[in-house]
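Here is my note on the structure you sent. Please read it with the coordinates open.

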Amino acid sequence: MSKPTPLMSSPAVLAGPSLRIAVVTETYPPEVNGVAMTLSRVVEGLRARQHQVQLIRPRQAGEVLASPPGLSEVLVRGCPIPGYAHLRMGWPAQARLLKLWRAQRPDVVHIATEGPLGWSALQAATQLGLPTTSDFRTNFQAYSKHYGLGLLQRSILAYLRRFHNRTGLTMVPTAALQAELHAQGFERLQVVARGVDTQLFSPARRRAALRLQWGVAQDDLVVTCVGRLAQEKNLLPGAGL
């Protein structure tokens, strides 16, 4: 197994300030899920800092491509994910990515998902000696039992560990997950905490009439959960709460 290219050993990464960043993901808006929405904010933030972003993702049904300035989108073939017919995963595209990145080398390749497209991107980047980073956002190994795949839990964990340990850096959202993965043999983990959009979520948006509609006093604590209802999230009745 070849060693991952160290991220900070790349002269382009050290030189800055503007980078060519290839972002590879199996999911992206208009799909609605945590990974898609979070990654779109990351891409927006990179573009706002004048980085050139190349977004590689599956083509979605009926999609008309209209990329904004500073964003170059490369769409690949995909298919529905079993159990999630409204979501798609990308087919392997190693040959296409090799051709693409030989013509114009990115300074770094960030792989957000570990599916077939993500694996082929890792293979291509490794072959070309490109620095790579990855995200660990979904506990697929723990979720497998919720979808009748509990016997594959160890195999799934082994695949994820092999995948992420071939990248130069794996970003995780919490210190607790960092410790858990480290104990399971994952290397080069860095906490990149979840952020809050302070423009969208601000005390300035507080509305007394809305609290009255909810039937709560002005000083009562209100907790809201916004997310996708799924078995593995333990939010449904009888799911573990």
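The numbered points below go from the whole chain to single residues.

1. Overall make-up. This is a predicted model. The protein has 8 helices and 9 strands. Of its 241 residues, 38% count as buried. The exposed surface comes to about 14,400 Å², and carbon and sulfur atoms supply 59% of that area. Take the contacts between residues at least 6 apart in sequence: 57% of them join residues at least 24 apart.

2. Helix H6. This helix covers residues 153–165. Its 13 residues should span 18 Å at 1.5 Å a residue, and the end C-alpha atoms are 18 Å apart, so the two values agree. Which residues of H6 are buried? They are Leu157, Leu160, Phe163, His164 and Asn165. In an α-helix there are 3.6 residues a turn, so residues three or four places apart point the same way. Keep that in mind when you view the buried set.

3. Thr170. Look for Thr170 in strand S8, residues 169–172. Its relative accessible area is 0%, so Thr170 is buried. The Thr170 side chain makes two polar contacts worth checking on screen. One is with the side chain of Ser134, at 3.0 Å. Another is with the side chain of Thr167, at 3.4 Å. Beyond neighbours within four places in sequence, Thr170 is in contact with Ser134, Asp135, Phe136, His164, Arg188, Leu189 and Gln190. His164 is also one of the buried residues of H6.

4. Arg188. This contact partner of Thr170 lies in the loop between helix H7 (175–183) and S9. Arg188 is not a glycine, yet its phi is positive, at about 50°. Most residues other than glycine have a negative phi. Is Arg188 buried, partly exposed or exposed? Its relative accessible area is 33%, so Arg188 is partly exposed.

5. Gln50. Here is another non-glycine residue with a positive phi, about 70°. Gln50 sits in the loop between H2 and S2. Its relative accessible area is 54%, so Gln50 counts as exposed.

6. The loop between S1 and H2. Strand S1 spans 20–24 and helix H2 spans 34–48. Thr27 lies in the loop between them. At 9% relative accessibility, below the 20% cut-off, Thr27 counts as buried. Its side chain and that of Glu31 are joined by a polar contact of 2.5 Å. Pro30 is in this loop too. The peptide bond between Pro29 and Pro30 is cis, with omega about 15°. Most peptide bonds are trans. Please look at this one in the model.

7. Arg57. Strand S2, residues 52–58, holds Arg57. Is this arginine, Arg57, buried or exposed? It is buried, because its relative accessibility is 2%. Arg57 and Glu73 are 16 residues apart in sequence, and their C-alpha atoms are 7.7 Å apart in space.

8. A nonpolar surface patch. Val196, Leu200 and Phe201 form this patch, with about 330 Å² of accessible area together. Phe201 is found in the loop between strand S9 (189–191) and helix H8 (208–214). With 59% relative accessibility, over the 50% cut-off, Phe201 counts as exposed.

Technical notes. Residues numbered from 1 in each chain as written. Predicted model: local features only at pLDDT ≥ 70, side-chain atom pairs only at ≥ 80, totals over all residues. Heavy atoms only, no water. Helix = DSSP H or I, 4+ residues; strand = E, 2+ residues; numbered from the N terminus. Expected span 1.5 Å × (residues − 1). Buried < 20%, exposed > 50% of the residue type's maximum accessible area, 1.4 Å probe, protein only. Patch = residues over 30% accessible without salt bridge, like charges linked within 9 Å, V, L, I, M, F, W, Y side chains within 5 Å. Areas by Shrake-Rupley, 256 points an atom, 1.4 Å probe, with all protein chains shown as cover. Salt bridge = Lys/Arg side-chain N within 4 Å of Asp/Glu carboxyl O. Contact = heavy atoms within 4.5 Å. Polar contact = N/O pair within 3.5 Å; in protein donor to acceptor, adjacent residues only side chain to side chain.
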